[in-house]
Amino acid sequence: MTSTLEKKEIDKITVIAPDPSWESEVREAAMRSIVTKPGKNWWIAVSLLSLVVVAGVGAWIYQLKHGMNSAGYNDQAFWAVYIADVVAFIGVSYGGAVVSAILRLSGQSWRAPLTRLSEGMALVTVLIGGAFIFPHLGRPERFLNIVAYPNFSSPLVWDFIAIATYTLATAIFFYLPLIPDMAVAKNLVDTGGKRARLFSILSLNWMGTKRQRVLLHRVLTIISLIIIPLAVSVHSVLSWAFALTSRPGWMESVFPPYFVIAALYSGTALVIVTIYAFRKGYKLERFITDRHFVRLGYMMAALGLVYAYLTVADMLTEGYTGITTGWIQQTITGKYAIPFWFYVIAGEIVPIALVVMKKTRNATGMTVAGVLVVISLWVKRIVIILPAATQPLISGQWGSYHFTWVSITVTLAGVAAIPLLLMILFRFIPLMSIDEMEDAGPLGSIEQISKETLKAAREESIPEPSKEESK
Amino acid sequence: MKKLLAILLIVALSIMGSSFAQAAPVGSLSVTQGSGDSLNLSGSCGASNCTSATFYAKSNQFAGSNFMQIGQAQVDSVGKAQISYTPTWTGNTPFKVNFLGAGGSLIATQTLTFDVVKDPSGFPQSAIQFQRPLDSTGAIFVKILLTIVALVWLTLLGSFFLVVIRVPKLSKQASEEK
Amino acid sequence: MDERVGESGMKLLFNKNQGDINGDSEKTSEVSRRKFLKIVGMSAGSVAAVGAGIELIPYRAWADSNPNGWGGNSGVSGMSAATMGSGQEVGNHQWAMVIDLRNCDGCKSCTAACQKAHYLTEDQTWIRVFEMGDSQGNSYFMPRPCMQCENPPCLDVCPVHATFRTDQGVVLVNQGRCIGCRMCMAACPYQARYFNWKAGAKYPDTGVFPTLKFPVPQRLGTVGKCTFCVGNLNHGLMSECASACPMGTIYNGDMITDVAINSMGNTVKLSKFLYDNDAVAYKDENNTHPRVWYIPGHGQNLDTNATTG
């Protein structure tokens, strides 16, 4: 294996012919997580994260037994941290889908090393976000009443439909590009082992014939086309759970795009954090370069500006006439001032500054920005939810939500579950889409290739069916 | 002194006596079925100083309920007053009339129980039936949305199973060709 | 100040009661109407000061624009049986409530009685007495039960049809179906819904199986709310809050028989009572059409020289 190429050297490469050494490099790197045995650090991390998740489940059981009061809820703070978690986790899932689907549709071949990780992140976070509906409910065991007695005039029924559909689409969108990789993977692990059998089943006997490739490409295009409006609809419907009430601060026409942009913004940020962690953990610097981070950082900064714009639009239209200023006062100068200004500084000013300043425009800088955005956007969800929920609608005191050990533990369990599930998941599947990487070629990870050259390269580089299969 | 006391007693007694006489129910009340569903309540004041009449009915719906005012009328020159009243419940209903003097003092009163047989409630249907979001346009909207959802599921599952079924077949074909 | 309110409130009541002893529920309405018109303005202004715009829709405006509607503008119905329709959806009663704010002294007996009867926690104020400020710097009290909206927002947002409306116009919660998502609490503009947050808190084994009309004991993890004590009403009894009110503030009423009664036995023709006293519906601009009307004002503290509200 060649060591990590310098950025400048990669820039100089102009040859686009299929490169067998590139292929073997890609295969080796993508399979690192499968072929190598997990190290000590991996086990320590997994067990620590599992502990947090188990603690969260325990806290939830405690909450079931003692009522939701133990999670800090009361009648004037009826929606709080768990619904914020649902919105935040399903939100970051959108980022994964977008990096994969939008970039796939627009033919951005630099996406190739990122798609697998971002799709995996999307799948994991949508599952966790969906799971957070259960601690949110007072009677989770009756959850299927939504299926048995659906009231289609309720936004929550449509939330359920949208999230279920989106989860299905994310799972399929994760699995289908995996098929060719599984065919590669099954030859790299011990034959006859459990993993080999699993990969063999998942690979669907993929041989990479031209017709198979065309089929898969078409299907993936269709699903990419579906998953973008689907993700938009999920976040719109989630926002309508708030916006379809008569509460000042929630009844806002800006809410659907507001939520969609928040989802994209935080999602892109989490993609940056995810690829940074995996790049570091599996030494993928050869493929995931600083320029990937910078491009994602630009995307994130642009989305951050749009989100700031929507935040101002929301507050100005509500606050200008002075009819419903209570929640705005509480947000800017009152009870929720600290989390709000935390969002302004850590969620907008600092990350955008990190992108703008040339000094910090690198992998580390972007990752710091990403972490800040993910955290402060969760805080922002709290700031959106609590002021409107705790406001007095008739007269009297503002309600207040108090974080308790139960709600904090359950939320931390969700946070810990993301790296935990990703770490376990990527012990079974390749870190990068081998197929897409080989399509893209050595330059593909850096610069866009014209469609014709890509096509020519692809036709020549169809891998031979492996010998074991033809027997 | 004794004389004075006696005079005072007589005066007091006479005042009391006169007030007792005034409180005696000298009025009359009659209830008849009027045109349509309404009832005619008419009463006459036995005294000449009546100015207005207030009519009451008593519901048996709530335990502890009392006479409720159902209308007021001026007393005419012959001491009569009448109102038209549309009942809102049926059954034996006590009615009452109070004749009042100029200062609002009670001059005469009379009660009567009448069996009400018709009660066209004034309660309109529209006050109960509010259109729910899914009653008309909403229902069509929901059907369209559900169709879209079904199509999305069909496409997703269809493409998934297409790949799952077609890919092994294509592999088989390819290895057979070889 | 409260004492003063209480005393003068009692005075007002005694006046009324004298009438009631003779079976007389006469209103001195003509004298006081001008006052009350002012109170309407004042109250509307004061509520706006609290921060939510015009929230009071007078009953009179509705009655005048619907002369053939329920009650009519004369207090006597002009509705004929033919236009009533089939009447299948109309129950034999349509329960309503009138809250005469002129009498309320904020003693919260209603809340206590309700919590006792339904075994609620202290936080669960199905009828809650709010202290409201007015433009004169005074305060008055406003008990707030569930408004039993004719167009309830909570009903539309419930994902599992756990909230429903009876043919008697009462909005109830099926706690056997409720999944505890609290969307109804978000949708209710009156903060009238209360969740059962705590396990074992004051939910004794009453030996009574909770029913839709009498959800006692409340079930953990579900939403509860004022039921209008519809079981009581159907048996000719008054709701717990109304019968516990020492001031006769709360009237239980039936819109079909057009009768309303308070704890003093003061019996009024509901539509006429609402019309004559300038009753208002609270936050009706949300298109909720409450079945609870308020007669505004805190008469004891009236500044009759106030020019505008």
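How many residues of chain A are in contact with chain B, and how many of chain B with chain A? In this predicted model, 26 residues of chain A touch 23 residues of chain B. On the chain A side, α9, α12 and α21 (467-470) each put in at least two residues. The largest share, 9 residues, comes from α12(A). Sort that side by class and you get 18 nonpolar, 6 polar and 2 charged residues.

Now look at how two of those helices sit together inside chain A. Helix α9 (residues 155-175) of chain A packs against helix α12 (residues 210-243) of chain A at an angle of about 150°, with the axes 9 Å apart. Angles over 145 degrees count as roughly antiparallel, so that is what α9(A) and α12(A) are to each other. Their crossing is left-handed. Residues meeting here include Trp158(A), Tyr166(A) and Phe173(A) from α9(A), and Ile223(A), Leu230(A) and Trp240(A) from α12(A). By class, this contact has 19 nonpolar, 2 polar and 1 charged residues.

Most residues other than glycine have a negative phi, and most peptide bonds are trans. Val216(C) and Pro217(C), though, are joined by a cis peptide bond, with omega about -5°. Pro217(C) is in the loop between β7 (193-195) and β8 (223-225) of chain C.

Then there's Lys108(C), with a positive phi near 65°, in the loop between β2 (95-100) and α4 (109-118) of chain C. Lys108(C) has 18 C-beta neighbours inside 10 Å, so it counts as partly exposed. Arg182(C) also has a positive phi, about 65°, and lies in the loop between β6 (171-173) and α6 (183-187) of chain C. Arg182(C) counts as buried because it has 24 C-beta neighbours inside 10 Å.

Conventions. Residues numbered from 1 in each chain as written. Chains lettered and ligands numbered in written order. Predicted model: local features only at pLDDT ≥ 70, side-chain atom pairs only at ≥ 80, totals over all residues. Axes fitted to C-alpha atoms, helices over the stretch in contact; angles between N-to-C directions. Helix = DSSP H or I, 4+ residues; strand = E, 2+ residues; numbered from the N terminus. Parallel < 35°, antiparallel > 145°, perpendicular 65-115°, else oblique. Left-handed = near helix turned anticlockwise from the far one by under 90°. Contact = placed C-beta atoms within 7 Å. Nonpolar A, V, L, I, M, F, W, Y, C, P; charged D, E, K, R; others polar. Buried ≥ 20, exposed ≤ 12 C-beta atoms within 10 Å, placed from the backbone.
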